[in-house]
Amino acid sequence: MAKIRIYQLAKELGMTNEELLELLDQMGVPYKSHASTLSEEDAEAVRELVKEQRGLQEKLAEEERRKALPRRPPVVVIMGHVDHGKTTLLDYLRKSRIAEKEAGGITQHVGAFEVKTPQGTVVFIDTPGHEAFTTIRQRGAKVADIAVIVIAADDGIMPQTDEAIAHAKAAGAKILFALNKMDLPQADPDRVKRQLMERGFVPEEYGGDAVVVPISAKTGQGVQDLLEMILLIAELEDYRADPNAEPKGVILESKLDKQAGIIANMLVQEGTFRVGDYVVAGEVYGRIRAMMDADGNQRKEAGPGSAVQVLGFQELPHAGDVVEWVPDLEAAKEITEERKEERKAREEAERERRPRTMADLLRALQEEGQKEVNLILRADTQGSLEAIQHILAKESTEEVKINVLLAQVGAPTESDVLLAQTANAAILAFGVNPSGAVKKAAEQKGVLLKTFRIIYDLIDEVRSMVKGQKEPVFKEEVLGRAEVRAIFRLPGGKQVAGCMVTQGKVVRSAEVRVLRKGEEVWKGRMASLKRFKEDVREVAQGYECGIGLEGFDDFQEGDIIEAFQMVEVPA
């Protein structure tokens, strides 16, 4: 193996000889002087160690830099099942905040509001429910650090509670549970805690780490405890942001006001936006003409954690669009134009991928690994419908299931198209024709819609779909054979067979079996395939080669090494 001198390695790593010698001492690697040579293994170990140490140093430096930044308030979203008290809790928090203000103050709806406590400030997203939260997440923006899941103590965990938990987890937000309606006599917090444990959230009082705070959003009982727990989580998570970084925010809401024009509610996440800044959000741009905070005050600038109303966008930005600072109008226009072009290209590509034939649909289903064929059936009479269903029932197999989502008399409707789009289904119609609007909707949404006049044509189509979903069948294909004519033992004890390829070709990536007197004695993969000293991909008939096998060292002269591959049998 290639050796390297210590001073050469020091130069390569940008170290002094003394530094490298000290490192070698720590590693226990012997040397005489900086001119001594190191084995390739030792040199590689040094490189790895230096790389690791430098990575650690960079990480520590980054952490130090981050810790020098000012803290920012945690951003909290409130989610839960309908009627469990999300809005009441937000109203209580908002009122407590308003009560602290001077009388006569004007509040603006800016999509979020701050609650100041002696321990610190908390920013609440002003839109309860996970729909808005999910919309924002779908656009790739992370808006909340902490999700408070409100559960009514008298009702327990409901379907939307599970949905809210799933959305919060998917967004990577810290989760805190607020057991609401504790003022009601029928409140049963123990039952809710048991339900949480069934879902893997063990409350702290039972030795777990799930934070559960009993509250009453109606009376305010426990709300202060909730705020303190939020701030405790924020302290532990150590949320910080750089007010001098390039400004970045996220659109919470936007609307068109008859007098003011386009108003966007923005949460600032990083840096500081200032009046006069050029900004882009998704495909729209603008120049900030004015900013207003929740207290109705005009702001010249807005730093991390601030929620403000922004005037100056040329068009309505979407909720969840990331707002970025750009240096000038030219850059703003160019970036948004580029994004529009990218979107159009993306949409065009998606249109081309939409299934136009049954084969397209099959291919799409196969790519997604589905083993079910979802169908919506439409027919001219109840008798036809029943006959088709009866025949289809026989086509279902253990491997592929046919799901008839809907079977009705009459022409396909736009509602069918929506259902098919959601369930990735095909619409098959017999003896009825869809209207032009339905055909257009199916085309736009990429739903396969086919009409038939002969019932067995329809059945044949379904059979094709089922066939396409079955596991492929493979067969073995022999590529070539090589005869072992000499056996060599390497210094490590491994055997290599000196062979002559007598038939076809031997391919390095193929599977192989060892045949002795016609009997298979081993099967597996090659460890090496060489021509002279060179590694090669394949060796053809009439040429010699050296073959090593993974886990086999019992060659005998006269053995046959057979190379083969598995190929799919066309359906």
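This note goes through a predicted model of one protein chain, point by point.

1. Overall make-up. The protein chain has 571 residues, and 43% of them count as buried. Its secondary structure comprises 14 helices and 29 strands. Take the contacts in the chain with a separation of 6 or more: 70% of them join residues 24 or more positions apart. The accessible surface comes to about 31000 Å². Carbon and sulfur atoms hold 49% of that surface.

2. The largest nonpolar core. This core has 28 residues. Those with the most contacts inside it are I149, I151, F177 and L267. Several elements give two or more residues to the core. The strands are β3 (75-80), β5, β6 (146-152), β7 (174-180) and β9 (248-257). The helices are α6 (159-170) and α7 (189-198). In soluble globular proteins, nonpolar side chains tend to be buried together.

3. I149 in detail. Leave out residues up to four places away in sequence, and what does I149 touch? Its partners are M79, T161, A164, I165, A168, I175, L176, F177 and A178. F177 is also among the core residues with the most contacts inside the core.

4. A second core. A separate nonpolar core has 26 residues. Among them are F113, V115, I233 and A234.

5. Aromatic pairs. The structure holds four of these. One of them joins F113 and F124, and it is stacked. The ring centres are 5.8 Å apart, with 25° between the planes. F113 lies in strand β4 (residues 112-117) and F124 in strand β5 (residues 120-125), so the pair ties together parts that are 11 residues apart in sequence. Both F113 and F124 are buried.

6. The F552 and F555 pair. Is this pair stacked or edge-to-face? The planes of F552 and F555 stand at 80°, so the pair is edge-to-face. The ring centres lie 5.2 Å apart. F552 and F555 are both buried. Ring pairs also bring in W522, which forms a cluster with F552 and F555.

7. A charge over a ring. R513 places its charged end over the ring of F564. The distance to the ring centre is 4.3 Å.

8. Helix α3. This helix covers residues 40-67, which is 28 residues. From first C-alpha to last it reaches 40 Å, close to the 40 Å expected at 1.5 Å a residue. Buried residues in α3 include A43, V46, R47 and V50. One of these is an arginine, R47. The cover over the buried residues of α3 includes helices α1 (6-13) and α2 (17-27), along with strands β1 (4-5) and β2 (37-38).

9. K193. This lysine is found in helix α7. Is K193 buried or exposed? Its relative accessibility is 10%, so K193 counts as buried; the cut-off for buried is under 20%. Beyond its neighbours within four places in sequence, K193 is in contact with L179, P203, E205, Y206 and V212.

10. R489. This arginine lies in strand β22 (residues 473-489). R489 has a relative accessible area of 54%, so it is exposed. Neighbours within four places aside, R489 is in contact with K494, Q495 and D553. How far apart in sequence are R489 and D553? They are 64 residues apart in sequence, and 9.0 Å apart in space, C-alpha to C-alpha.

Conventions:
Residues numbered from 1 in each chain as written. Heavy atoms only, no water. Helix = DSSP H or I, 4+ residues; strand = E, 2+ residues; numbered from the N terminus. Buried < 20%, exposed > 50% of the residue type's maximum accessible area, 1.4 Å probe, protein only. Contact = heavy atoms within 4.5 Å. Areas by Shrake-Rupley, 256 points an atom, 1.4 Å probe, with all protein chains shown as cover. Phe/Tyr/Trp six-rings, centres within 6.5 Å; stacked < 30°, edge-to-face > 60°. Lys NZ or Arg CZ within 6 Å of the ring centre and 35° of its normal. Expected span 1.5 Å × (residues − 1). Core = buried A, V, L, I, M, F, W, Y, C linked by side-chain atoms within 4.5 Å.
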